Amino acid sequence: MELEQRPEIEALMAERRTFPPDPAFAAQANAQAGLYEEAERDFEGFWARLARERLAWDQDFHTTLEWNLPFAKWFVGGKLNIAYNCIDRHVENGLGDKVAYHWIGEPGDTRTITYRDLQREVSKAANALKELGIGTGDRVAIYMPMIPELPIAMLACARLGATHTVVFGGFSSEALAGRITDAGAKLVITADGGWRRGKPAELKPAVDHALRETPTVDNVLVVRRLGEHANIEMVPKRDHWWHEIVDRQSEDCPPVPVDSEHPLYLLYTSGTTAKPKGILHTTAGYLLGAGYTHEMVFDLKPDDVYWCAADIGWVTGHSYIVYGPLANAATGIMYEGTPDSPTWDRWWQIIEDYKVNILYCAPTAIRAFMKQGEQYPAAHDLTSLRVLGSVGEPINPEAWLWYHEHIGNSRTPIVDTWWQTETGMILITPLPGVTTTKPGSATFAFPGIAADVVDANGEAVPLGGGGYLVLKRPWPAMLRGIWGDPDRYRATYWGRFPGMYFAGDGAKRDADGYLWLLGRVDDVMNVSGHRLSTIEVESALVDNRAVAEAAVVGKNDPITGQSIFAFVILRGGQVGSEDLARVLRDHVARVIGPIAKPKYLMFVPDLPKTRSGKIMRRLLRDVAEGRPLGDVTTLADAGVVDVIRSNTGKTEE
């Protein structure tokens with residue numbers, strides 16, 4: 001499949017406004033333009049210098065990189081412990097009283113956790129794990145809401161050299177069982193439940209159901225979060241209350257030094273048909289990549305309050321709520337709830353209350369806020385914000401500009417980042433204070449990263465061309481494989497283009513060399529031989545002031561191969577009609593070209609999204625084709641698809 005260079009797919013890059021760095025910001029920025037040159041001159045030496053400067057080693061490494069394509073080993077011979085690097089060394093350096101997390105529960109309860117608190121609680125939790133038979137090399141499954149015990153559990157595993165696999169709390173018991181079994185987990189750490197839009201949401205029953213199918217688990221450790229609001233059963237000898245076993249443990253638990261390549265965690269990525277892939281991340285390279293990008297990309301200062309509004313169940317939370325920020329002794333916000341509970345100004349109230357300096361969130365959230373209107377952020381003092389970030393999918397220029405104006409007060413730099421579960425760290429991003437940004441473009445590869453855009457033959461495309469995003473050399477935080485399946489790893493990521501990692505995403509590079517991510521290649525539609533990216537059509541729709549959000553999929557068509565089916569959410573006060581549908585079709589035709597005009601357009605009240613905010617276009621394709629729905633267990637609201645199915649607002653050109 002080749003992303004052809006055609007005029008109609010220039011729409012995403014039609015945004016001509018540029019935003020150069022503010023001189024005052026640039027003068028104090030962490031990142032400097034010289035990083036690119038240093039990293040290119042000797043990329044192994046670049047990472048080796050950073051590894052020795054930024055990490056505390058029990059034993060120094062003797063070899064920076066062993067590269068036996070596609071298998072990498074970084075910082076060979078080194079030994080260290082991630083929990084020590086994320087907690088103990090900061091306490092030893094006089095930062096014990098610094099806040100690690102301001103935690104905010106959805107009902108309004110709060111906790112403030114310092115680095116000394118974290119050291120104590122992680123040590124006690126690690127001792128409890130030892131009592132339950134967990135040691136170096138064992139696997140532990142974690143299935144929890146967004147409560148402080150979640151990062152504490154992860155760090156307790158890391159302290160012992162046990163490998164954790166965090167399973168997102170929105171996954172079904174079947175999905176949980178499959179991950180437990182594939183990982184061979186001996187222990188599950190969970191909670192009775194958490195709070196979701198003002199209601200208790202139980203988790204423990206899903207664990208009970210999953211364990212009927214999993215032979216490897218000996219014990220379950222349960223945090224009491226809901227208390228009397230949960231109706232759960234505790235299985236004798238197998239299930240243990242966190243507060244009963246952890247609270248009585250010693251606060252002394254020496255961290256276990258492990259090899260640089262020791263498995264830190266598995267994180268499973270879902271496939272539409274194939275079984276989930278257990279992405280393996282190891283210790284030293286991952287920590288270096290997450291920590292260094294966190295400091296440079298977000299221009300982190302010692303006194304900053306930083307908020308990554310993701311869920312720890314996804315890689316964004318692993319790298320940029322837990323490991324990266326804690327490696328940098330950052331103060332972070334951790335929030336249990338949703339953006340709309342109890343009202344749509346919840347985030348802005350938190351930013352005002354805690355004087356948040358850095359916000360990192362998904363374009364889906366930004367578009368949802370756009371739909372509600374700027375009156376919500378306008379009612380709060382957001383002047384503490386200094387850097388804004390975007391993650392999860394390409395951001396429409398219109399959403400970028402709204403974010404810039406209404407959240408950043410037209411002054412804060414926006415870092416639009418691209419990376420994946422597999423990459424472990426941000427790979428394509430502006431550097432605040434260095435990079436002139438363009439709304440909708442993730443700009444350039446991070447220093448030391450060799451990204452390219454190639455055609456179907458693996459040849460680099462010229463400036464202005466489009467194709468496939470690839471990575472041409474290893475990087476420290478890269479996945480080390482798929483758990484238990486090296487052949488699948490080789491075929492999935494390295495089989496398409498010899499010698500290159502294929503990310504699965506399409507991209508274009510404009511005349512200035514800026515990268516524009518076009519989404520997954522399976523989100524590229526073929527309409528009468530013209531290859532159109534869903535994100536391009538969505539951007540054109542959202543560019544119309546009547547539209548708050550849009551999702552586009554390809555629908556099989558006997559004449560054109562595929563036709564375009566658009567699902568559109570209107571802004572408040574707008575009413576869907578045949579006339580408005582005609583206006584929107586004509587608008588897309590003007591922005592992109594007649595070939596991009598949606599044949600089908602449906603006005604919908606909402607879109608099917610995961611709890612992390614990603615639109616599940618797979619389900620929209622099912623709706624468009626009239627097929628039975630695929631797996632809906634990860635949806636934040638499974639009823640959304642039924643509402644869309646029953647919607648009579650579909651128009652056809």
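How many residues lie between β9 and β10 in their hairpin? There are 2 residues between these strands, and R197 in the turn has a positive phi of about 50°.

## About this model

This is a predicted model, where local features need pLDDT of at least 70, side-chain atom pairs count only at pLDDT 80 or more, and totals for chains, interfaces and linings use all residues. Residues are numbered from 1 along each chain as its sequence is written, and side-chain values use heavy atoms, with hydrogens and water left out.

## The hairpin

Let's look at the two strands themselves. β9 covers residues 193-196 and β10 covers residues 199-202, and they pair in the antiparallel sense over 4 bridges. Here, two strands pair if DSSP finds at least two bridges between them. Helices (H or I, at least four residues) and strands (E, at least two) are DSSP runs, numbered from the N terminus.

## Aromatic pairs

The structure holds 38 aromatic pairs. Rings of Phe, Tyr and Trp (its six-membered ring) pair if their centres lie within 6.5 Å; planes under 30 degrees apart count as stacked, over 60 as edge-to-face and the rest as tilted.

One of these is the pair of W57 and F75, which is edge-to-face, at 6.1 Å centre to centre with 70° between the planes. W57 sits in the loop between α3 (43-54) and β1 (63-68), while F75 belongs to strand β2 (residues 71-76), so the pair ties together parts that are 18 residues apart in sequence. Both W57 and F75 are buried, where buried means under 20% relative accessible area, exposed over 50%, and partly exposed in between (1.4 Å probe, protein chains only).

Now meet Y286 and Y323: their ring centres are 5.9 Å apart and their planes stand at 85°, so this pair is edge-to-face too. Y286 lies in helix α10 (residues 284-297) and Y323 in helix α11 (residues 315-327), so the pair links distant parts of the chain, 37 residues apart. Y286 is buried at 1% relative accessibility, and Y323 is buried at 0%.

## Cysteines

How many disulfides does the structure hold? There are 0, counting a disulfide as a pair of cysteine sulfur atoms within 2.5 Å. For C253, the nearest cysteine sulfur is that of C157, 11 Å away. C253 is buried, with a relative accessible area of 2%.

C308 has its closest cysteine sulfur in C361, but the distance of 8.9 Å is too far for a bond. C308 is buried as well, with a relative accessible area of 3%.
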